[in-house]
Amino acid sequence: MAETPIAAARISASTACASRTKSSPAAEARLPESELRLRVQERIKEGRLPVEVITLINGGFGGGQTCAVCDTPVTRDKVKYDVVDPRNADQLIFHFACYVIWQRECARRIRAGDSRR
Ligand SMILES: [Zn+2]
């Protein structure tokens, strides 16, 4: 009985390791804001992200889902923002920082009258 917590910890540690698909430790490094903004603009151009000001979001910790902006997983130790795409009801997952940059870009375009819908 006393060994159970240790065994459980060992299992979860090795699972966390195995679920890391990218071999480079730099894969999780944060991109600079200018780079993220470029990606947001690309995603909007590709139609992967809507130009909408989102009013309903769910927050939480990530579970390894791929961020819609930077394409890296939102790991369990990071805050995840969870949005429903108003165009097709798809779920979009973001890092907190990526979400903020996307929404800033949306607000800017809507103000400028360039929503490209
Ligand atoms: Zn991201």
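I take two strands as paired if DSSP finds at least two bridges between them, and I take strands (E, at least two residues) and helices (H or I, at least four residues) as DSSP runs numbered from the N terminus. The model is predicted, with local features needing pLDDT of at least 70 and side-chain atom pairs counted only at pLDDT 80 or more, while totals for chains, interfaces and linings use all residues. Residues are numbered from 1 along each chain as its sequence is written.

**Sheet.** I looked up strand 1 and found that five bridges join it to strand 4 (residues 79–84), the two running antiparallel, with Gly 60 opposite Lys 80 in strand 4. Three strands form an open, antiparallel sheet in the order 1-4-5. Strand 1 (57–61) and strand 5 (91–95) are at the edges with a single partner strand each, so one side of each is left without a neighbour in the sheet.

**Helix 2.** I then checked which residues of helix 2 are buried (20 or more other C-beta atoms within 10 Å of the residue's own, C-beta atoms being placed from the backbone; exposed means 12 or fewer, and partly exposed lies in between), and found Leu 36, Arg 39, Val 40 and Arg 43. Seen down the helix axis, these buried residues fall within an arc of 105° (taken over the directions from the axis to the C-beta atoms), so they line one face of helix 2. On the other side, Ser 34, Glu 42 and Lys 45 are exposed. The buried residues pack against helix 3 (96–112), where contact means C-beta atoms, placed from the backbone, within 7 Å. Just after helix 2, I noted that Gly 47 takes a positive phi of about 85°.

Technical notes
Two residues are in contact if their C-beta atoms, placed from the backbone, lie within 7 Å.
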